[in-house]
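The sequence and structure come first, then the notes by topic.

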Amino acid sequence: MIISASRRTDIPRFHIDWFLNRVRAGYVDVRNPLFPGQVSRYSLSPAVVDGIVFWTKDPAPLMGRLDELAAYNCYFQFTLTPYGPDIEPGLPDKRQIVATFKELSARIGARRVIWRFDPLLVNRGHTVDDHLRAFAALAGELEGFTERVVISFIDDYRSDGRSVYAAVGTTGVSRDQQRRLAGGIAASARDHGMTVATCAETIDLECLGIERGRCVDGRLLEELGACRLSRLKGRYEAVPKDKAQRRECLCTESIDIGWPNTCAHGCRYCYATTDADTLRRNLAQCDPAGTLLCGAFDPAVDKLTDHRGTGDARDRSFKFATDELFPDL
């Protein structure tokens, strides 16, 4: 089983006590965002978890506790953009975040820290040329500390009348602007020993050396863990694309353990935070000792499905050592 921690919130920054408490407990409960009365329980045993993908903008609270993850095969999707408080009001100084990025990479290895330079937006304060200059400067800083960059272009997520485009003062990124951004970023990345991939984009940029990426990447977990991950227990079959994600997303199937409206970074472009009132209510319900990231399981109204040990194809992947079935890997 692959754990995503999490597309919906920054667990390393705001909920690391909760997560490591769940690691010690050996299981985690996850509420279904579409049907909140449905709660699933999953094992967090290292014997069952084949990989963990962390998503973060500032994992500083985790740095002193990385040893608690030593039993797991994991990597980080680490977002580092040129935006200031106008777009990302809750983040510390970017120089501090660069230092944390480098420290994390030095501790766990450059292949395990993927740099997200996204979402790319164009407005009066952030032009195409601004982005290219900022990327080149950051790439110079991060050379040797990462091998891969992920980019995407801002989407106009709408929720309860809220428009992401309006929140950041943009009308989108035109195809011409996308190609200019991608071309400049690809060239600069090559200069600093990095490859580039897109996240859930329809535009074809392969002519620039940019592939369509998988942020939750079973192939990378296989490489890092020197194994093959299979959907089936008895024979190898690749873990499929995550059908719960949008069509353009190529991510490998995983279990996301986060909850929306629980990230206090306050990024104006965020699709997982809908409004300040809901954010405040949810953060007040986040208990580091709880089994759920937000709120509590109520047996009177919630239905619990315990997936621990079931081994069904939907919830599990199975690890084959390369020397068992794939000696040539």
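The lining of the second largest pocket draws at least two residues from each of strand E5 (74-79), E6, strand E7 (148-151), E10 and helix H7 (218-225). Helices (H or I, at least four residues) and strands (E, at least two) are DSSP runs, numbered from the N terminus. This is a predicted model, in which local features need pLDDT of at least 70, side-chain atom pairs count only at pLDDT 80 or more, and totals for chains, interfaces and linings use all residues. Residues are numbered from 1 along each chain as its sequence is written, and side-chain values use heavy atoms, with hydrogens and water left out.

**Second largest pocket**

- The space in this pocket is about 270 Å³, a volume being the space filled by probe spheres set on grid points that are joined across faces, edges and corners.
- Its lining has 21 residues, of which Ile114, Arg148, Asp217, Leu220 and Glu223 are the closest to the centre.
- A pocket is an open set of points on a 1 Å grid over the protein atoms alone, where a 1.4 Å probe fits, with protein on both sides within 12 Å along at least five of seven lines; lining residues have an atom within 4 Å of a point.
- The lining comprises eight nonpolar, five polar and eight charged residues; Ala, Val, Leu, Ile, Met, Phe, Trp, Tyr, Cys and Pro count as nonpolar, Asp, Glu, Lys and Arg as charged, and the others, Gly among them, as polar.

**Cis peptide bonds**

- Alanine 5 and serine 6 are joined by a cis peptide bond with omega about -5 degrees, and serine 6 sits in the loop between strand E1 (2-5) and helix H1 (11-14).
- Another cis bond runs from aspartate 118 to proline 119, with omega near 0 degrees; proline 119 is in the loop between strand E6 (113-116) and helix H4 (128-142).

- Alanine 200 has a phi near 55 degrees and lies in the loop between strand E10 (195-198) and strand E11 (210-212).
- Alanine 200 is buried at 10% relative accessibility, where buried means under 20% relative accessible area (1.4 Å probe, protein chains only).
- Asparagine 261 has a phi near 60 degrees and is buried at 7%.

**Cysteines**

- The whole structure has zero disulfides, a disulfide being a pair of cysteine sulfur atoms within 2.5 Å.
- For cysteine 74, the nearest cysteine sulfur is that of cysteine 227, 13 Å away.
- The sulfur of cysteine 267 is 6.3 Å from that of cysteine 263, the closest, which is too far for a bond.

Key
Buried means under 20% relative accessible area, exposed over 50%, partly exposed in between (1.4 Å probe, protein chains only).
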